[in-house]
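Dear colleague,

Please find the structure below, together with its sequence. My notes on it follow.

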Amino acid sequence: MLIVTSALLRRTGTDGRPEVLMGLKKTGFGAGLINCPGGKLEPGETPAEAVVREFAEETGMTLAVGDLNPAAELVFRFPDVPEWDDIRLHYFTATKYAGEPQESEEFAAEWMAEADLDYGLMWDDSRLWLPSVLAGEHVVMDVTYAGRSKVASFVREPSPAE
C-alpha cells in the first residue's frame, strides 16, 4: 500500500468568507484534477513531515508540523486498475502558514472560496468526505473505485475521537 499525505490550508478571505488552498494537479497521479498539495512519504518521514516538505516543493509555502491538525485517514482501492497500488492518505488541515502560493511544475495552487468548491473537478471521493472535514469532523473512510475515476463503494468508520 502506498502511503501519501496532503493538507488543506484555511483562511478568511478579504471579503470575510472562508477560503481554502487548492489547485490544479499538473503532472503525475491525478493530473487535471483539483486537489490539495501533497504526495508520497520519503523514507523516515512521518506523514506530517512529508506534507510540510511537499507544500514547500509544490507551493513555496512554509508549514510547521505542530500546526497541522489530523483531519482524515482515507484508504483508496483500485481493483480494476492492477497497475495502481492501494493508497492510504493522511490528510491534515492548518490555518497557520508562511508565504503565498507560487505555481510549480507540478501544482498550480490558489485560494478558493470554500462555499464555491466544485466537487465535479476533484477526485470522485472528495464529495463523500471533504464537506465533513470542512465542518470540523475527523473522517476515517475506505473507498473502492470502479475503474480510474468513479467511486463504486465506500465505508465510513467511526473516527478515533468518536
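A residue is called buried here when its relative accessible area is under 20%, exposed when it is over 50%, and partly exposed in between (1.4 Å probe, protein chains only). By that rule, tyrosine 91 and tryptophan 129 are both buried. Please note that this is a predicted model, in which local features need pLDDT of at least 70 and side-chain atom pairs count only at pLDDT 80 or more, while totals for chains, interfaces and linings use all residues. Residues are numbered from 1 along each chain as its sequence is written, and side-chain values use heavy atoms, with hydrogens and water left out.

Helix H2

Helices (H or I, at least four residues) and strands (E, at least two) are DSSP runs, numbered from the N terminus. Helix H2 covers residues 126-134, and because seven of its nine residues are buried, the rest of the structure largely encloses it. The buried residues are Ser126, Leu128, Trp129, Leu130, Ser132, Val133 and Leu134. They pack against strands S1 (2-12), S2 (18-25), S5 (69-77), S6 (87-94), S8 (139-146) and S9 (150-157), where contact means heavy atoms within 4.5 Å.

Serine 132 belongs to this helix and, at 13% relative accessibility, counts as buried. Leaving aside neighbours within four places in sequence, serine 132 is in contact with Glu137, Val139 and Arg156. Just after H2, glycine 136 adopts a positive phi of about 95°.

Nonpolar cores

In soluble globular proteins, nonpolar side chains tend to be buried together. A nonpolar core is taken here as a set of buried Ala, Val, Leu, Ile, Met, Phe, Trp, Tyr and Cys residues joined through side-chain atoms within 4.5 Å. Which residues have the most contacts inside the largest nonpolar core? They are Met22, Tyr91, Trp129 and Leu130, in a core of 29 residues. S1, S2, S5, S6, H2 and S8 each supply at least two residues of this core, and the largest share, five residues, comes from H2. Apart from this core lies another, of 15 residues, among them Leu9, Val52, Phe55 and Phe92.

Not counting residues up to four places away in sequence, tyrosine 91 touches Ser6, Ala7, Leu8, Cys36, Asn69, Pro70, Ala71, Ala72, Trp129, Leu130 and Val133.

Aromatic pairs

Rings of Phe, Tyr and Trp (its six-membered ring) pair if their centres lie within 6.5 Å; planes under 30 degrees apart count as stacked, over 60 as edge-to-face and the rest as tilted. The count by this rule is ten aromatic pairs. Phenylalanine 78 and tyrosine 145 form a stacked pair, 5.1 Å centre to centre with 25° between the planes. This pair links distant parts of the chain, 67 residues apart: phenylalanine 78 is in the loop between S5 and S6, and tyrosine 145 is in strand S8. Phenylalanine 78 counts as buried at 4% relative accessibility, as does tyrosine 145 at 1%.

The rings of tyrosine 91 and tryptophan 129 are edge-to-face, because their centres are 4.8 Å apart and their planes stand at 80°. Since tyrosine 91 lies in strand S6 and tryptophan 129 in helix H2, the pair ties together parts 38 residues apart in sequence. One aromatic cluster is formed by Phe29, Phe78, Trp84, Trp123 and Tyr145.

Strand S7

Six of the seven residues of strand S7 (residues 107-113) are buried, so the rest of the structure largely encloses this strand.

With kind regards
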